[in-house]
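I opened the file to look up how the two chains meet and how far the model can be read. My entries follow in the order in which I checked things.

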Amino acid sequence: MRGVIGHFREIDTAVDAIEELKHADFGAITVYSPTPRHELEHVLSAPPSAVRRFTLIGGLLGVTFGYWIAIWVSDYWPLVVGGKPIASWVPYTIIGFEVMVLVGALSTVAGMFINSRLPKITHTVGYDGRFSHGDFGVWVECDPEDASKCEDMLRANGASEVRRER
Amino acid sequence: MAATVKPEEARDLEVLHRPNIASADVQLPAVRDYEQVDNEITATLSPTGAWYIGLFTAVGFLLIGIAAWMYQIYSGLGVAGYNPPVMWGVYIITFVFWVGIGHAGTLISAILYLFRAGFRTTIYRCAEAMTVFAVMTAGLFPILHLGRPWKFFWLIPYPNWRYLWPNFKSPLVWDVFAILTYLTVSTTFLYIGLIPDIAVLRDREKNPIRRHIYGVLSLGWRNSDREWRHFARAYLFLAAFSTPLVLSVHSVVSFDFAMGLPPGWHTTIFPPYFVAGAIFSGIGMVFTIIIPLRKWFRLQHYVTLNHLDAAAKLCLFTSLVVGCAYMVEWFIAWYSGLQVEQDYFWNRIFGQWWWASAILYTCNMVLPLSLFSQRLRRNTTWLFILSIFINIGMWFERFVIVIPSLSHEFEPWQWSGYRPTWVDYAILAGSFGWFSMWFLLFIKQFPVIAIAEVKEIVKPRLKRAPDHLEHSGRRLEREKMPVDE
C-alpha cells in the first residue's frame, strides 16, 4: 500500500483537504481522528454501517434458539406440573428474550469487529500515535507519480506535516 | 470567551450562580482542548498512597468474607442464621442489593445515551464499571447460598444425563439466563467503550510492556473513519439492547419473589417496583463513588456541579417512584381485604419489623425529598451523606421484602424471627471488599472518564470561523464549533 499521510492540527483544514482530494480522485482516503466528528463523516459521505444486519440476524437467531432450547429440553423431560403444558410459551418468552439480547449483542460486536477489520495485529501504514491524541490524519492511497500532487494539495490546505509511506 | 475559563473559576461560577441547566445541555466550560483532556484524565492512572491504603482495606474485608465462607462450608449453612421457615436471609438480600446497584450503571450508560442526556458523558464510565463489578458480586451470592457450592453448575439448565430436570418455568432458571446475559452484555458494553481510550493509553505509554498490553487490549484500534463509523453504530445497538435488558433483569429477579405465595410477595407490582428501586439504589452508589473520586482526582471541572445536579434530579425522581410503589403496596394490602396480607403489613410496619421499615422509609422516601432544594443538589457533602443513607435504605428495602414475608406466613406455626450471625455480616463485608477491590484496580488501569466521548463535547481546533465548514450545501453542527465572542 502506497500513499501520502498529512497531519492536521485543525479540523477545518483537514475537511478542506479531504474535499479537494476527493475531487481529484487519487485513491481511497482514510481519515484518523481522536474522536468521531460529524464534519468528517459528512465530507467522507460513507455508506451506512452494515453492523445493523449482524444485529438483526443475531437477534433473530438468538430468540429462535432461546425458545427452541426451552421447548426441546422440556419435551425431552416431559414432567407435567400443575396441569400446565409441557412447553409453555409465556415463561419461555423470558428465555427467548434473554438469549435474543445475548446473541444479538455479541453479533453486534462481531459485526463491528468484522467491518472495522479488528483486531489488527500489524502496523498500519500511515498511522501515528498523535491521531489518538489531538491531531487529524488524512491518508490517501496514490501512485508514486501522483504523490507529489497529493503532498502539494495537503500542504496547500494547511497540513502541518506531510510524508510518503509504503 | 467560555473556552478560557479556568477550572477553579468554573467551580466558583457554578456555586455562585447555581444555573438551572437542562440535563441535555450540561457542558464542560473549563475543558479547553484535546490535549488537556488526555493529560488530565490519564494523570489519574498513577497510583497514590491513598489508593494503596484503599486497596489493602478492600482486600482485608474480602479476606474476612472468604474466611467466614470457609467456616460456613466446613460447618454447614446453619451458621448463617437461618431459622425455619426463614430460609432466605442476608445472602439473597445482598444478591438483590448488588444486582440493583448494577442497574443504574446501565441506565446511565445506555438509556441516557439513547436519550442524549449530556450529563452522562463524564460519569458513565464509573457507572458502567460499577455495573460489571456489582453484577460480579451479586453472582457470588446464589453460590454462597448453596450447601455444596462446588456443584454450582447444576444451576445451569443444560441438557444432561444427571437425572436433573431443567425446569424452564422456574424463576431461578430465569435468573441464570438473566444474570449471565446481563453480566456478558454489560462487560461487553464496558469493554467496547474502552477500546478507543485504551488506544490513547497505548499511544502515550513509554513502558514497552505496558504499551504492549494496551496494544493487545486495544485490538489495534487506529481511530480511522471506518472504525469510528462501525463503532458508533455498534455502540448504539448495544445501548438499545441494554435498555430492555435492564428492565428485564430486575423484573426477573422480582419474579423470584412474585412467583412465590407468601404474603407481601405475590403481587404484580413487583417488576416495576424492583426496577425503580434498582435504579434508585444504583444512583446512590454512583454518588458514593463519584463524589470522592472527582475530589481525589481533581476532576471537578469534568464532573461538575451541573452534572451532579442533573443526576440528583434523577435520584429524586426514582425516589418518588419508589415511594409511590411503597404506598401502592399498603393500598393493595388494605384494598385486597385479605386478612393474611393485612396482618403481614401491620407486622411489617408496626410490629416485629418496625425498625427495619422505619430505616427503609426514612432513607428512601423522606431524606431524598431534600433534593427538591437546588442548594442541596449542588452540595457535594450532602449528596455523599445522602448516598450512604440511600445505600443503607435500599439494603433494608430488600431485608423488609425478604424477612418479614418469610417470618409471617399464613399460619401461626410459620411465624418466627430472624437474626443474622457474624458469618452473614462477615460475608456482607466481604462482598463490599470484593466490589471495592475490583473497582480500585480498574480505576488505576483504565480512565475513569471516557476520553473519546469527552473529546466529542470539547470544541476542536479551527483555523477559520465555523461558517467556512458549510460544504456542498450540507449543514454542519455549528453549535459544536468554538465561537469567539
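Confidence first. pLDDT is the predictor's confidence in each residue, on a scale from 0 to 100. This is a predicted model, for which I required pLDDT of at least 70 for local features and 80 or more for side-chain atom pairs, while totals for chains, interfaces and linings use all residues. Residues are numbered from 1 along each chain as its sequence is written, chains are lettered from A and ligands numbered from 1 in the order in which they are written, and side-chain values use heavy atoms, with hydrogens and water left out.

I looked up chain B. Its mean pLDDT is 87, and 90% of its residues reach 70 or more. Helices (H or I, at least four residues) and strands (E, at least two) are DSSP runs numbered from the N terminus. Where pLDDT is low, the predicted coordinates should not be read in detail.

Next, the fold of chain A. I found 5 helices and 4 strands, in the order β-α-β-α-α-α-β-α-β from the N terminus. The radius of gyration of chain A is 25 Å, against 15 Å from the globule rule for 166 residues, so the chain is more spread out than a compact globule. That radius is taken over C-alpha atoms, and the rule is 2.2 Å times the number of residues to the power 0.38. The C-alpha trace of chain A spans about 80 × 25 × 25 Å along its principal axes.

Then the interface. Chain A gives 77 residues to the contact and chain B gives 68. The buried area (accessible area, 1.4 Å probe, lost on putting two parts together, summed over both) is about 6300 Å², with 66% from carbon and sulfur atoms. A:Trp77, A:Glu98 and A:His133 supply 10% of the area that chain A buries against chain B, more than any other three residues.

Last, the charged pairs. I count 3 salt bridges between chain A and chain B, each a side-chain nitrogen of Lys or Arg within 4 Å of a carboxyl oxygen of Asp or Glu. One salt bridge joins B:Arg461 to A:Asp135, with the closest N and O atoms 3.6 Å apart.

Key: Contact = heavy atoms within 4.5 Å.
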